[in-house]
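Student: I have a fold on my screen and want to learn how to read it. Can we go through it feature by feature?

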Amino acid sequence: MSDPHAPHADASGLEQELLEDQALSAAERYAAFLAAVADSGRFWVAESGEYLLTLFDGDGQELLPAWPSAATARAALAQARAQSPNLAGYAPAARELSAWRERAAAAMDEAGVGVGAFPDLAMQCAVVAPAQLLEHLDALIAESDADAATDADETDGDAGDDSAGAPAALDLAQAQRALAQKFAKPKGD
């Protein structure tokens, strides 16, 4: 799963990591989704012309499936097309987080449409309300910004001492579990 604090210089490495994340639980994929979207400022949906793909979960709630990368969306859509050929016209389409926040999130909340975050190849996903998704992303972005400011403050004071500004070792597995527990309340997975 992606480290939300590490810069991603190698986009193909991040794509591969996200593709591997599709085997994780819905809660863990949600944490990976949050980290990737907070880092990049965008996510992907499935679009065909002027239509967006929406799905219905087992409870009948309408969902907008959203992926953290074009590659993960492509992989899930390819698998879904094998079972439902009417999805042939759908392809990944990027959505900028800031524009989605301003134009679509509130309308989706009003209409009762949830976000199906990071559907796997079987289209199983964590389901969150758009407002809740934005809260989680805002919290993660604020935490990341605070960590960056703290790191900058620590390194500004002691340019000659290599150990003074060194960040503590990050336990990625622990961070993944913490994000999954903090943010995800998946249905059925």
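This is a predicted model: local features need pLDDT of at least 70, side-chain atom pairs count only at pLDDT 80 or more; totals for chains, interfaces and linings use all residues.

Student: In which sense do strand 4 and strand 6 pair, parallel or antiparallel?

Tutor: Parallel. Strand 4, residues 62–66, meets strand 6 over 4 bridges.

Student: How do I check the length of helix 2?

Tutor: At 1.5 Å a residue, the 15 residues of helix 2 (26–40) should span 21 Å. The end C-alpha atoms are 21 Å apart, so expectation and model agree. Just after helix 2, G41 takes a positive phi of about 80°.

Student: How many residues of helix 2 are buried?

Tutor: Start with the geometry. An α-helix has 3.6 residues a turn, so residues three or four places apart point the same way. Helix 2 is mostly covered, with 11 of its 15 residues buried. Among them are R29, Y30, F33, L34 and V37. Across the protein, 38% of the 189 residues count as buried.

Student: Which residues have the most contacts inside the largest nonpolar core?

Tutor: In soluble globular proteins, nonpolar side chains tend to be buried together. Here the largest nonpolar core has 39 residues, and F33, F43, W67, W100 and L133 have the most contacts inside it. Helix 2 gives the largest share of this core, 7 residues.

Student: Take W100. What is it in contact with, beyond its neighbours within four places in sequence?

Tutor: F43, L64, A105, M108, V115, P130, L133 and L134.

Student: What is the strand order in the sheet of 3 strands?

Tutor: The order is 2-1-5, in an open sheet with antiparallel pairing. Strand 1 (residues 42–48) pairs with strand 5 over 6 bridges. There, E47 stands opposite A91 in strand 5.

Student: Which helix lies across strand 1 and strand 5?

Tutor: Helix 3, residues 70–83. Helix 3 runs at about 145° to strand 5.

Student: Now a loop residue. Where is L121?

Tutor: L121 is in the loop between strand 6 (114–117) and strand 7 (126–128). Its relative accessibility is 37%, so L121 counts as partly exposed. Buried would need under 20%, and exposed over 50%.

Student: Which residues does L121 contact, leaving aside neighbours within four places in sequence?

Tutor: Q22, A75, A76 and Q79. Q22 is 99 residues away along the chain, yet the C-alpha atoms of L121 and Q22 are separated by 7.1 Å.

Student: And the whole chain: how many helices and strands are there?

Tutor: The protein has 7 helices and 7 strands. Along the sequence they follow the pattern α-α-β-β-β-β-α-β-α-α-β-β-α-α. Of the contacts with a separation of 6 or more, 69% join residues 24 or more positions apart.

Note on methods: Residues are numbered from 1 along each chain as its sequence is written. Side-chain values use heavy atoms; hydrogens and water are left out. Helices (H or I, at least four residues) and strands (E, at least two) are DSSP runs, numbered from the N terminus. The expected span of a helix is 1.5 Å times one less than its number of residues. Buried means under 20% relative accessible area, exposed over 50%, partly exposed in between (1.4 Å probe, protein chains only). Contact means heavy atoms within 4.5 Å. Two strands pair if DSSP finds at least two bridges between them. A nonpolar core is a set of buried Ala, Val, Leu, Ile, Met, Phe, Trp, Tyr and Cys residues joined through side-chain atoms within 4.5 Å. Axes are lines fitted to C-alpha atoms, for helices over the stretch in contact, and angles run from 0 to 180 degrees between N-to-C directions.
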